[in-house]
Amino acid sequence: MNSNPAPGLPFMKMHGLGNDFVVLDLRAGGKPPSAGVIARMADRHRGVGFDQLATVETDDRADVRLRFWNADGSVSAACGNATRCIARFVMDETGRDRLSLRTDHAVLLAEDAGGGLTRINMGPPVLDWRAIPLARDVDIDRLPIDGDPAATGMGNPHVTFFVEDAASVDLATFGPAMEHHPLYPQRANVEVVQIVSRDEIILRIWERGTGPTLASGSCSCAAAVAAARRGLTGRRVRVNVPGGALLIDWRDDGVWMEGPTAHVFSGVLTPEWLSQ
């Protein structure tokens with residue numbers, strides 16, 4: 001066998017409930033790809049395919065530093081499922097059961113939840129209209145948008161709609177329109193929520209810069225916070241997404257998210273493809 005590393009760009013493919021990622025481990029050095037290369041990598045026919053790309057770097061204030069990009073190459077300050085997947089990878093690598101991970105949003109804490117599950121504290125929700133951000137001062141629990149949605153920040157902006165039947169919403173049309181609503185200057189992640197009970201909801205997701213996804217950690221957190229603030233649920237809920245279920249627990253110290261992770265495979269992007 002050839003012990004020399006293959007030329008090109010090594011990567012890992014991971015997913016949390018079908019919300020999938022390409023992860024680049026840059027702890028030994030290197031730079032993230034350009035926005036154009038990231039968008040090409042996200043192409044599921046001509047690249048690798050993913051909902052988000054994440055990089056892992058060293059950090060002097062946390063165990064690792066994470067950065068995120070959407071499938072269109074735009075930057076995202078948070079990606080809950082990717083954070084959970086990377087936390088599990090680093091915990092398995094180091095033998096530790098607790099980690100700190102710095103993102104553009106905050107330093108997040110991760111812990112082994114047992115049974116192969118990983119738990120992340122996504123931090124307190126952002127509930128100030130300026131920081132979400134919104135274009136102007138409005139009631140974040142009752143936005144002046146048809147459908148009476150709520151706004152929440154989880155390191156990225158969210159708009160949450162409550163409906164009788166989530167499956168009946170034409171997300172392919174509704175999602176892009178709400179992502180680009182003028183009240184959201186940085187675009188919005190769009191959640192459509194159906195209340196099942198005081199401790200369970202059904203969630204469908206349109207992520208800004210990506211489109212429909214099977215799951216989203218930050219969207220699940222935002223939906224749970226919005227439902228609790230409106231009095232529709234308690235602060236601990238099971239969130240059923242197309243890819244499975246997450247447990248969201250809004251505690252005094254932040255919004256905790258718990259669920260499974262998967263490291264599917266590792267590969268290398270060839271120099272020839274990268275130089276196209």
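Glu 258 is found in strand β16, in what is a predicted model. With a relative accessibility of 16%, Glu 258 counts as buried, because the limit for that class is under 20%. Leaving aside residues up to four places away in sequence, Glu 258 touches Ala 113, Leu 117, Thr 118, Arg 119, Leu 246 and Leu 247. With one of these residues, Arg 119, Glu 258 makes a polar contact from side chain to side chain at 2.9 Å.

The side chains of Glu 258 and Arg 119 also meet in a salt bridge, with 2.9 Å from N to O. This pair links distant parts of the chain, given that Arg 119 belongs to strand β8 and Glu 258 to strand β16 (residues 254-259), 139 residues apart. Both partners, Arg 119 and Glu 258, are buried.

## Other salt bridges

The count of salt bridges comes to 23. Side chains of opposite charge can pair when their charged atoms come close. Among the bridges is the one in which the side chains of Arg 236 and Asp 249 meet at 3.2 Å, N to O. Arg 236 lies in strand β14 (residues 236-241) and Asp 249 in strand β15 (residues 244-251), so this bridge ties together parts that are 13 residues apart in sequence. The two partners fall into separate classes of accessibility: Arg 236 is partly exposed, with a relative accessible area of 48%, whereas Asp 249 counts as buried at 13%.

Salt bridges that share partners also join Lys 13, Asp 20, Arg 44 and Asp 51 into one network.

## Helix α3 and its surroundings

In helix α3, which spans residues 171-179, the residues Leu 171, Gly 175, Met 178 and Glu 179 are buried. Around the axis they cover an arc of only 100 degrees, and they therefore sit on the same side of α3. The buried residues of this helix pack against β10 (157-162), β11 (189-197), β12 (200-207) and β13 (211-212).

Glu 179, buried at 4% relative accessibility, has a side chain that meets the side chain of Arg 187 in a salt bridge of 2.9 Å, N to O. Arg 187 is found in the loop between α3 and β11, and although Arg 187 is not a glycine, its phi is positive, at about 70 degrees.

## Aromatic pairs

The structure holds 2 aromatic pairs. One of them is formed by Phe 11 and Phe 265, which are arranged edge-to-face, with 6.0 Å from centre to centre and 80 degrees between the planes. Because Phe 11 lies in strand β1 and Phe 265 in strand β17 (residues 262-269), this pair ties together parts that are 254 residues apart in sequence. Phe 11 counts as buried at 7% relative accessibility, while Phe 265 counts as partly exposed at 38%.

The rings of Phe 161 and Phe 174 have centres 4.7 Å apart and planes at 75 degrees, so this pair is edge-to-face. Here Phe 161 in strand β10 is linked with Phe 174 in helix α3, the two being 13 residues apart. Phe 161 is buried, with a relative accessible area of 3%, whereas Phe 174 counts as partly exposed at 24%.

## Backbone features

A cis peptide bond joins Ile 132 and Pro 133, with omega at about -5 degrees. Pro 133 is found in the loop between β8 (117-121) and β9 (150-153).

Leu 17, although not a glycine, has a positive phi of about 60 degrees. This residue lies in the loop between β1 (9-16) and β2 (19-25), and Leu 17 counts as buried at 11% relative accessibility.

## Cysteines

The count of disulfides comes to 0. Cys 79 counts as buried, at 5% relative accessibility.

Cys 219 is likewise in no disulfide, and the nearest cysteine sulfur to that of Cys 219 belongs to Cys 79, 9.3 Å away. At 0% relative accessibility, Cys 219 counts as buried.

Definitions and conventions
Residues are numbered from 1 along each chain as its sequence is written. Side-chain values use heavy atoms; hydrogens and water are left out. A disulfide is a pair of cysteine sulfur atoms within 2.5 Å. Buried means under 20% relative accessible area, exposed over 50%, partly exposed in between (1.4 Å probe, protein chains only). Helices (H or I, at least four residues) and strands (E, at least two) are DSSP runs, numbered from the N terminus. The arc is that of the directions from the helix axis to the C-beta atoms. Contact means heavy atoms within 4.5 Å. A salt bridge is a side-chain nitrogen of Lys or Arg within 4 Å of a carboxyl oxygen of Asp or Glu. A polar contact is a pair of N or O atoms within 3.5 Å; within protein, one must be able to donate a hydrogen and the other to accept it, and residues adjacent in sequence count only if both atoms are side-chain atoms. Rings of Phe, Tyr and Trp (its six-membered ring) pair if their centres lie within 6.5 Å; planes under 30 degrees apart count as stacked, over 60 as edge-to-face and the rest as tilted.
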